[in-house]
Amino acid sequence: MPSTVKFFRLYADDDGESHFEELEATMSSVQYAPPAPPLEVSSEPMEAQSIRWVRFPEHWNDGAHPSPRRQLFILLEGEVEGWTSGGETQLFKAGDRVLMEDTTGKGHGARPINGEALAVMIALE
């Protein structure tokens, strides 16, 4: 049976409200870097445009905004609370992944919890 990697998706519905949903990417055993043993690799690649380091300073708090582009958010250090326009909240911890696709609508908000947080933002095509 194939393994999976779980991640969250942040998206806007037809009414412009943002929502979280949990998704899974299917992984397959692949001879990725010969002669090393096979690795589990996602079946569907995501094409990336750029990668940026993002540091959320302690006490940073934004207003609601849509994502500026389709991007993958990977939290490396700290904790970030995210919320949707409909009031859903989600606490993200180091290692959590969010596919941000709410590029229209009312958007979302975020703030670091208990100090600063460090993430990687991968802009997707």
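A salt bridge is taken here as a side-chain nitrogen of Lys or Arg within 4 Å of a carboxyl oxygen of Asp or Glu. The model is predicted, so local features need pLDDT of at least 70 and side-chain atom pairs count only at pLDDT 80 or more, while totals for chains, interfaces and linings use all residues. Residues are numbered from 1 along each chain as its sequence is written, and side-chain values use heavy atoms, with hydrogens and water left out.

The salt-bridge criterion gives a count of 6. In one of these, Glu21 pairs with Arg9, with 2.7 Å between the closest N and O atoms. This pair links distant parts of the chain, Glu21 in strand S2 and Arg9 in strand S1, 12 residues apart; strands are DSSP runs (E, at least two residues), numbered from the N terminus. Glu21 is partly exposed, with a relative accessible area of 27%, and Arg9 is partly exposed at 23% (buried means under 20% relative accessible area, exposed over 50%, partly exposed in between, with a 1.4 Å probe and protein chains only).

Glu101 forms a salt bridge with Arg70, the closest N and O atoms again lying 2.7 Å apart. Here Glu101 is in the loop between S7 and S8 and Arg70 in the loop between S4 and S5, 31 residues apart. Salt bridges link Arg9, Glu21, Arg70 and Glu101 in a network. A further pair is formed by Arg111 and Glu81, with closest N and O atoms 2.9 Å apart. Because Arg111 lies in strand S8 and Glu81 in strand S5, this pair ties together parts that are 30 residues apart in sequence.

Pockets were assigned on a 1 Å grid over the protein atoms alone, as open sets of points where a 1.4 Å probe fits, with protein on both sides within 12 Å along at least five of seven lines; lining residues have an atom within 4 Å of a point. Volume is the space filled by probe spheres set on the points, which are joined across faces, edges and corners. The largest pocket holds about 440 Å³ of space. It is lined by 14 residues, of which Phe7, Ala25, Ser42, Met46 and Leu72 are the closest to its centre. S2 gives the most to this lining, with 3 residues.

The second largest pocket has a volume of about 270 Å³. Its lining comprises 22 residues, and those closest to the centre are Phe56, Met100, His108, Ala110 and Met121. S5 gives the most to the lining of the second largest pocket, with 5 residues.

How values were computed. Helix = DSSP H or I, 4+ residues; strand = E, 2+ residues; numbered from the N terminus.
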